[in-house]
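Open the model in your viewer and keep the sequence panel beside it. The stops below tell you what to select next.

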Amino acid sequence: MQMNENQSETGLCTEASKTISPKRRSLVIGNIHVLFNPNRGDIKLGQVRIFLEKAYKLSQEWGNIPIIIGGDLNSLPQSAIYQFLTASELEILLHDRRNISGQLECPPQKKDLRSQDENVARSLIYRWSDEELRLATGNEELTHLQHELKLYSAYLGVPGSRGLRDNRGEPLATSYHSKFMGTVDYIWHTKGLIPVRVLETLPINILRRSAGLPNEKWGSDHLALVCELAFANDGTIV
């Protein structure tokens, strides 16, 4: 099975800062829409892997310029895919392919990957086929996946209200419809940038009163994420 354009929508480009500055700045901007199917964690992880590889390569070609990544990962903040982005590595066999995005209900001990007991985690070895490993990692013999970027969540970098953020600092919900309410959308950046401010999402009680998205007032089943970033070395706004 091949990953194709129908399975993932991605975009990467380089942009020059349009600020009035004696020195023009460049950065990589990327956007991705990961496959929804919760059972195909192999494809979802593979899409994220390829996307990060391309972003890193483009950054290096332009002299190691900063990167901004955004999109719908169809993965929750407590998921292994989120962990892969933040930690830059993932032990594949410690995770169930069918729930690597966290969309399906997890057993209580697996709700928060950061608080798992290491010895328990090591005993949870899941079986992946050679084809699934190839799709996820690019190599059927590879089970330890890594990427070259050090990514930071923009929303974690700007403190927000407890009523609007989870215990990590991500929005409580970026999507809401009849079968789901939660966070699957993110903005990430590399070390050369710092978040200045973000647009907060709607409170949960407001979303519940809306009877789901989209509706007459909001035309999408996702809420907008917006972040203002600056270059870390001099504070110039991107």
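**Before you start.** This is a predicted model, where local features need pLDDT of at least 70, side-chain atom pairs count only at pLDDT 80 or more, and totals for chains, interfaces and linings use all residues. Residues are numbered from 1 along each chain as its sequence is written, and side-chain values use heavy atoms, with hydrogens and water left out.

**Whole chain.** Show the cartoon. You have five helices and eleven strands; these are DSSP runs, helices being H or I with at least four residues and strands E with at least two, numbered from the N terminus. Of the 238 residues, 46% count as buried, meaning under 20% relative accessible area with a 1.4 Å probe, protein chains only. Take the contacts (heavy atoms within 4.5 Å) with a separation of 6 or more: 71% of them join residues 24 or more positions apart.

**Confidence.** Color by pLDDT, the predictor's confidence in each residue from 0 to 100. The chain's mean is 87, and 84% of its residues reach 70 or more. Now select residues 106-120. There pLDDT stays under 50, and the model has 18 contacts beyond four places in sequence.

**The largest core.** Select Leu45, Val48, Leu52, Ile69, Leu73, Leu85 and Trp188. They have the most contacts inside the largest nonpolar core, which has 29 residues. Such a core is a set of buried Ala, Val, Leu, Ile, Met, Phe, Trp, Tyr and Cys residues joined through side-chain atoms within 4.5 Å. Strands S2 (26-33), S3 (67-72) and S9, with helices H1, H2 (80-87) and H4, each give two or more residues to this core. H1 gives the largest share, six residues. Apart from this core lies another, of twelve residues, among them Leu27, Ile68, Leu193 and Phe231.

**Leu73.** Zoom in on this residue. Beyond four places in sequence, Leu73 touches Ile32, Val34, Lys44, Val48, Leu85, Val184, Tyr186 and Trp188.

**Helix H4.** Select residues 130-137. Buried here are Glu132, Leu133, Leu135, Ala136 and Thr137. Their cover includes helix H1 (41-61) and strand S5 (144-146).

**Thr190.** Go to the loop between strands S9 (185-189) and S10 (193-198). Is Thr190 buried or exposed? Thr190 counts as buried, because its relative accessibility is 10%. Its side chain reaches the backbone nitrogen of Ile67 at 2.9 Å. Show the neighbors too: beyond four places in sequence, Thr190 touches Pro66, Ile67, Lys150, Leu151 and Tyr152.

Key. Buried means under 20% relative accessible area, exposed over 50%, partly exposed in between (1.4 Å probe, protein chains only). A polar contact is a pair of N or O atoms within 3.5 Å; within protein, one must be able to donate a hydrogen and the other to accept it, and residues adjacent in sequence count only if both atoms are side-chain atoms.
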